[in-house]
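We will go stop by stop, selecting as we go.

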Amino acid sequence: MTPEIKSALSTLLDRPSDPEALASVQSLLWAEDPSEDNLYLLIEQVGMHQEQGNWDNAVALLDLALPLVEDEDERAELLLTKGRILEDELLEEELALACFKEVLEIRPHDEGTAEAVEEIELFRENWEKVAAKYVEEAESASDRKVATGLFLSAAEVAARAEPGSSMVEDNLRRALKVEPRNAKASFHLERMLRREDRLEELADAMYQRADVAATKEERLEVFNGMGELYATELDAPDKAVASFKRVLTVDPRSERALSSLVETLTEQGSWQELAD
């Protein structure tokens, strides 16, 4: 594996929400001949992104690793990992089902995977009743934590069965109205807004999350992500600069914010500000 690929993978870990970081890894790996070294480094990176909760990046890296696998049993294990992330963390049930069915082509007698497929298919027949029940219970709950969890469960049920349903966004926002710090609801709402290319709304949602962040680390992470969003996708360099400066005011040693700030100011040609 070339130093360029290793550097790109390191950047992706440091800047997990930056689509350009992922695109760089993908283009470099597609341009290189398949190798076992690449495969095992990718698998290692998948684990690191899972530990950080970077689920989309973990799936993207698995997609890069799977074509490199020659052993069928090893391929089945990677497909199971991908399927579980898609189902449990990203609520992408259709894609998860495809992974599990491919596993069964390799391992026809895998009882656990066969049961997972049956549960998904059975769930689809009853999801609307289940989601409605969660909402009804949430609306009558006196405990804020319970109500938040029920609204979130309703959103997750709808997302798995019918991603385009208005129940998904409605109940994610209801969960956050009750408990603005709910990390899981924020994650799914922001992911949905990004996938639907509603980037201005995404920036607003991120700002709201930063405003109620429970820790300094979380707040800085959000402002770094906002800066990258403004710089790379919204073409709003002034807002990007402001976001990175907010990070550096609290943590002057933040390499992520500093390098992003320098890059943004350089692209703007803001030489005086860069010198300051």
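How much space lies in the largest pocket? About 1,100 Å³. Before you select anything, note that this is a predicted model: local features need pLDDT of at least 70, side-chain atom pairs count only at pLDDT 80 or more, and totals for chains, interfaces and linings use all residues. Residues are numbered from 1 along each chain as its sequence is written, and side-chain values use heavy atoms, with hydrogens and water left out.

**Stop 1: the largest pocket**

Select P16, S17, N54, D56 and F187. Of the 37 lining residues, these are the closest to the centre of the largest pocket. A pocket here is found on a 1 Å grid over the protein atoms alone: it is an open set of points where a 1.4 Å probe fits, with protein on both sides within 12 Å along at least five of seven lines. Lining residues have an atom within 4 Å of a point. Grid points are joined across faces, edges and corners, and the volume is the space filled by probe spheres set on the points.

Now colour the helices that give two or more residues to this lining: α1 (3–14), α2 (19–30), α4 (55–65), α10 (183–195), α11 (199–211) and α12 (216–232). Helices are DSSP runs (H or I, at least four residues), numbered from the N terminus. Which element gives the largest share? That is α10, with nine residues.

Colour the lining by class next. You get 13 nonpolar, nine polar and 15 charged residues. Ala, Val, Leu, Ile, Met, Phe, Trp, Tyr, Cys and Pro count as nonpolar; Asp, Glu, Lys and Arg count as charged; the others, Gly among them, count as polar.

**Stop 2: the second largest pocket**

Select A159, P163, R191, M192 and R195. They lie nearest the centre of the second largest pocket, which is lined by 14 residues. Its volume is about 270 Å³. Two or more lining residues come from each of α8 (144–161), α9 (166–178) and α10. Again α10 gives the most, here four residues. The classes are eight nonpolar, one polar and five charged.

**Stop 3: the nonpolar cores**

Select L172, L229, Y230 and L234. These have the most contacts inside the largest nonpolar core, which has 45 residues. A nonpolar core is a set of buried Ala, Val, Leu, Ile, Met, Phe, Trp, Tyr and Cys residues joined through side-chain atoms within 4.5 Å. Buried means under 20% relative accessible area, exposed over 50%, and partly exposed in between (1.4 Å probe, protein chains only). In soluble globular proteins, nonpolar side chains tend to be buried together.

Which element gives the largest share of this core? Helix α8 does, with nine residues. Zoom in on L234. It touches L199, E200, A203 and L229, not counting residues up to four places away in sequence; contact means heavy atoms within 4.5 Å. Then look for another core, which lies apart and has 38 residues, among them V59, L64, L90 and V117.

Go back to E200. This residue lies in helix α11.

**Stop 4: two loops**

Select L91, in the loop between α5 (72–89) and α6 (93–106). Its phi is positive, about 60 degrees, although L91 is not a glycine. Most residues other than glycine have a negative phi. Is L91 buried or exposed? Its relative accessibility is 7%, so L91 counts as buried.

Jump to D197, in the loop between α10 and α11. D197 also has a positive phi, near 60 degrees, and is not glycine. D197 is exposed, because its relative accessible area is 58%.

**Stop 5**

Select N224 in helix α12. With a relative accessible area of 5%, N224 is buried. Leaving aside neighbours within four places in sequence, N224 is in contact with F244, V247, S254, R256 and A257.

Finish at S260, in helix α14 (residues 255–268). S260 counts as buried, at 2% relative accessibility. A polar atom of its side chain lies 2.9 Å from the backbone oxygen of R256. Beyond its neighbours within four places in sequence, S260 is in contact with R15, E228 and F244.

How values were computed: Polar contact = N/O pair within 3.5 Å; in protein donor to acceptor, adjacent residues only side chain to side chain.
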